[in-house]
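Good morning, and thank you for the time on the agenda. I would ask you to keep the sequence and the model open while I speak.

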Amino acid sequence: MNYIAQLGERAVKVKKQIAQASTGEKNKILREIAVVLRAQAEQILEENAKDIAGAKEHGISDTMVDRLRLTKERIDGIADACIELTGLEDPVGEVIEGSTRPNGMKIRKVRVPMGVIGIIYESRPNVTVDAAALCIKSGNAAILRGGKEAFHSNQKLMQCMQEALVHCGYAPEIIQLVEDTSRGVATEMMQANDYIDVLVPRGGAGLIQAVVHNATVPVIETGTGNCHIYIDATADLDMAVAITDNGKTQRPSVCNALETCLVHKEVAEKFLPMLQRRFAEHQVEIRGCERTKEILGDAVIPATEQDYATEFLDYIMSVKVVDSIDEAIAHIQKYSTGHSECIITESYKNAERFQNEVDSACVYVNCSTRFTDGGEFGLGAEIGISTQKLHARGPMGLKEMTTMKYLISGDGQIR
């Protein structure tokens, strides 16, 4: 029996415990996790320091190191997210719809846990707790595989959460960490159909494509965010600068950060110098089309086809001057990964058209793509942002971690 099969057997054996737990019991576990995380914050930071040192030794970029880094404040935020989940409605058992058939048979469609959820992710150790907490609240067992760069942090965080489970009278195997980070074991996980009900990859394009191409377990794609902002001819340019700057520089290493700015030709000569001045504060590299270079000069690096298709996750933005909203929408349709897009406009007609025609999970008018987040949407912690259209789309909160079944009651009906 391979390693993943061993973890899978343990998860299957205990999944009924959490599936049948009451809302009160699940909330008790989440509160205990928050208590243990705060109590062991210093030990968590010590383990995280090992990961940070290893990342620097291997030449990982500063923005990627930021994804990896934990601080006392970030640990408090992770604990707070667990507490916030206790205040959210438990989706398990919700009656989605019901009916009584002409023969008197009663049918109810109800939410139920998935069973065992596998999650493969990179870098950010907060995902370990976010994912586990969401699975617990939605009544699922979980098998988590983080990246090797966050191994020490993830191992300690898992230990804390398993302590909380045991303290509350539940099996620690309800949530498990894959401690072998080799590619072979990752492939085993992708093909563990006998144990894992659904697999969620959360990370860069390479990870997601590897899972999609190799998995036999059902997959929900998340994460890759080649996000766009279009500055319309009618845009409030001060607003446009503020939102573009926020979307690019507030935290460039995350999937809802902006990567491409499309600017209508009528406002390009005024807007682009304004944006360049703001970007200079963060040393953002601009890769632009010929018209962008004509306006901003030699500081602009000529943009390539690949630049417009790239999720930089860094202080880099591709820029293109467009002739119309039609061209902007066409560009987005060609290069978007289906995550988050934004239009800055004072035109109701253009706003409505942009939201109707742009086919991404989240489409914004006059506000930052950085809001594509479970917490910002009122869903609590999220498992990721789904960029596909089946089972879930957009931020995946508690309801997206469940499936459904039909409950049928009768009094002797036969067909």
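Let me begin with Ile-119, which touches Ala-131, Cys-135, Ile-143, Leu-144, Arg-145, Met-189, Leu-199, Val-200 and Ile-383, with residues up to four places away in sequence not counted; contact here means heavy atoms within 4.5 Å. A word on the source: this is a predicted model, in which local features need pLDDT of at least 70 and side-chain atom pairs count only at pLDDT 80 or more, while totals for chains, interfaces and linings use all residues. Residues are numbered from 1 along each chain as its sequence is written, and side-chain values use heavy atoms, with hydrogens and water left out.

Ile-119 is, together with Leu-144 and Ile-175, among the residues with the most contacts inside the largest nonpolar core, which has 51 residues. Such a core is a set of buried Ala, Val, Leu, Ile, Met, Phe, Trp, Tyr and Cys residues joined through side-chain atoms within 4.5 Å. Buried means under 20% relative accessible area, exposed over 50%, and partly exposed in between, with a 1.4 Å probe and protein chains only. Helix α6, residues 126–137, gives the most to this core, with eight residues. Helices (H or I, at least four residues) and strands (E, at least two) are DSSP runs, numbered from the N terminus. A second, separate core of 32 residues includes Ala-235, Met-274, Val-300 and Tyr-364. In soluble globular proteins, nonpolar side chains tend to be buried together.

I turn next to helix α3. Its 17 residues, 41–57, reach 24 Å from first C-alpha to last, close to the 24 Å expected at 1.5 Å a residue; the expected span is 1.5 Å times one less than the number of residues. Which residues of α3 are buried? They are Ala-41, Ile-44, Glu-47, Asn-48, Asp-51, Ile-52 and Ala-55. These cover an arc of only 150° around the axis, and therefore lie on the same side of α3; the arc is that of the directions from the helix axis to the C-beta atoms. Their cover includes α2, α4, α5 and α7. The face turned away from the buried side carries the exposed residues Glu-42, Glu-46, Lys-56 and Glu-57.

His-339 lies in the loop between α14 and β12, and is buried, with a relative accessible area of 0%. The side chain of His-339 makes a polar contact with the side chain of Ser-340 at 2.8 Å. Among the other residues in contact with His-339 are Cys-227, Cys-255 and Cys-362.

Finally, backbone geometry. Most residues other than glycine have a negative phi, and most peptide bonds are trans. Leu-313, in the loop between α13 and β11, has a positive phi near 55° and counts as buried at 15% relative accessibility. Asn-366 has a positive phi of about 60° and is partly exposed, with a relative accessible area of 24%.

Key. A polar contact is a pair of N or O atoms within 3.5 Å; within protein, one must be able to donate a hydrogen and the other to accept it, and residues adjacent in sequence count only if both atoms are side-chain atoms.
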